[in-house]
Amino acid sequence: MLLNFICLILIMLNVGGKDVLWTDTFDYPDGALPSVYWSEGCEGVIRNGRLYIDADTVGSRASTVWLNKEFSGDIHVEFDVQVVSSSDTANNINLFFMYSDPSGKSLRQSAPERQSGTYSLYHQLNGYIFTNVTNGNETKVRYRFRDNPGFKLLDEAFTGENRVGETHHIKIIKKANRFQYWVDGEKILDTVDDKHNPLYEHGIIGLRTWHTALSFDNLTVERLKECR
């Protein structure tokens, strides 16, 4: 137990080492997303060297952009994100993590079933949701960690602020059944998943928002090496 704790600390300090599985700075020409990504709900695009999602619009006002690459085991995900606008100050930044379709189809195959990007459709899939939302108050962020199917709450916190125009660095660490969520170097959630569905050890990731326009940059996924 002590060895596992020390190992996790070393990982957080970048001492344990990592293998890069995916990295993207979104330095593409403005326009459609590269083929490795796809959108559900409002379309994601490339704008000024960033992945841009505008769900601060009319209509569904929701969007998910998936990276069509499966990851497994103990991984570390991080990215920079900025709230560009949110007319009702939702300031919503979500991540779908280790996601898969329980039918066995790939999520890209079943994407037409979620064309609207409606949030409840994702609660029927396998995986975890990290939620970061202000709900009208930029100085009181609500963080939640959920397990699907069933939208089961694993952990939550109310702290910090998230204002339009500020860029934040998000980091998620999965080590066995322990999950951590960090914002700008501050640990917000530290949770063991042992309550609801079986532990999800493989799946894809999706960048998600609601009632918000977001820009993303510097997306990186790395495998955590075992400590020696």
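The following legends describe close-up views of a predicted model.

Residues are numbered from 1 along each chain as its sequence is written, and side-chain values use heavy atoms, with hydrogens and water left out. Because the model is predicted, local features need pLDDT of at least 70 and side-chain atom pairs count only at pLDDT 80 or more, whereas totals for chains, interfaces and linings use all residues.

View 1. Seven strands form an open sheet in the order 3-6-15-8-9-10-11, with antiparallel pairing. Strands (E, at least two residues) and helices (H or I, at least four) are DSSP runs numbered from the N terminus, and two strands pair if DSSP finds at least two bridges between them. Strand 3 (37-41) and strand 11 stand at the edges with a single partner strand each, so one side of each is left without a neighbour in the sheet. From one strand to the next the twist averages 15°; axes are lines fitted to C-alpha atoms, for helices over the stretch in contact, and angles run from 0 to 180 degrees between N-to-C directions. Strands of a sheet pair through backbone hydrogen bonds, either parallel or antiparallel.

**View 2. Strand pairings within the sheet.** Strand 3 and strand 6 pair in the antiparallel sense over 5 bridges, and Trp38 stands opposite Trp66 in strand 6. Strand 6 is joined by 8 bridges to strand 15 (residues 202-210), the two running antiparallel; here Trp66 stands opposite Gly206 in strand 15. Strand 9 (residues 126-133) pairs with strand 10 in the antiparallel sense over 7 bridges, and Asn132 stands opposite Tyr143 in strand 10.

View 3. The structure holds 19 aromatic pairs. Rings of Phe, Tyr and Trp (its six-membered ring) pair if their centres lie within 6.5 Å; planes under 30 degrees apart count as stacked, over 60 as edge-to-face and the rest as tilted. Trp66 and Tyr122 form a tilted pair, 6.2 Å centre to centre with 45° between the planes. Trp66 lies in strand 6 (residues 62-72) and Tyr122 in helix 2 (residues 119-122), so the pair ties together parts that are 56 residues apart in sequence. Both Trp66 and Tyr122 are buried, where buried means under 20% relative accessible area, exposed over 50% and partly exposed in between (1.4 Å probe, protein chains only). The rings of Tyr119 and Phe151 have centres 5.6 Å apart and planes at 90°, so this pair is edge-to-face. Tyr119 in helix 2 and Phe151 in the loop between strand 10 (141-148) and strand 11 (152-159) are 32 residues apart. Tyr119 is partly exposed at 23% relative accessible area, and Phe151 is partly exposed at 26% relative accessibility.

**View 4. The loop between strand 10 and strand 11.** Pro149 lies in this loop, and the peptide bond from Asn148 to Pro149 is cis, with omega near 5°. Phe151 is found in the loop between strand 10 and strand 11 and has a positive phi of about 55° although it is not a glycine. Most residues other than glycine have a negative phi, and most peptide bonds are trans. The charged end of Arg146 sits over the ring of Phe151, 3.9 Å from its centre; this term requires NZ of Lys or CZ of Arg within 6 Å of the ring centre and within 35 degrees of the ring normal.

**View 5. The nonpolar cores.** The largest nonpolar core has 40 residues, and those with the most contacts inside it are Phe79, Phe97, Tyr181, Ile205 and Leu219. A nonpolar core is a set of buried Ala, Val, Leu, Ile, Met, Phe, Trp, Tyr and Cys residues joined through side-chain atoms within 4.5 Å. Strand 7 (residues 75-85) supplies the largest share of this core, 5 residues. A second, separate core of 10 residues includes Phe96, Tyr99, Ala111 and Ile204. Neighbours within four places in sequence aside, Leu219 is in contact (heavy atoms within 4.5 Å) with residues including Trp22, Phe26, Leu67, Phe79 and Ile205.

**View 6. Leu21 in strand 1.** Leu21 is placed in strand 1 (residues 18-24) and is partly exposed, with a relative accessible area of 24%. Leaving aside neighbours within four places in sequence, Leu21 is in contact with Lys69, Phe71, Ile75, Val221, Glu222 and Arg223. Leu21 and Leu219 are 198 residues apart in sequence and 11 Å apart in space, C-alpha to C-alpha.
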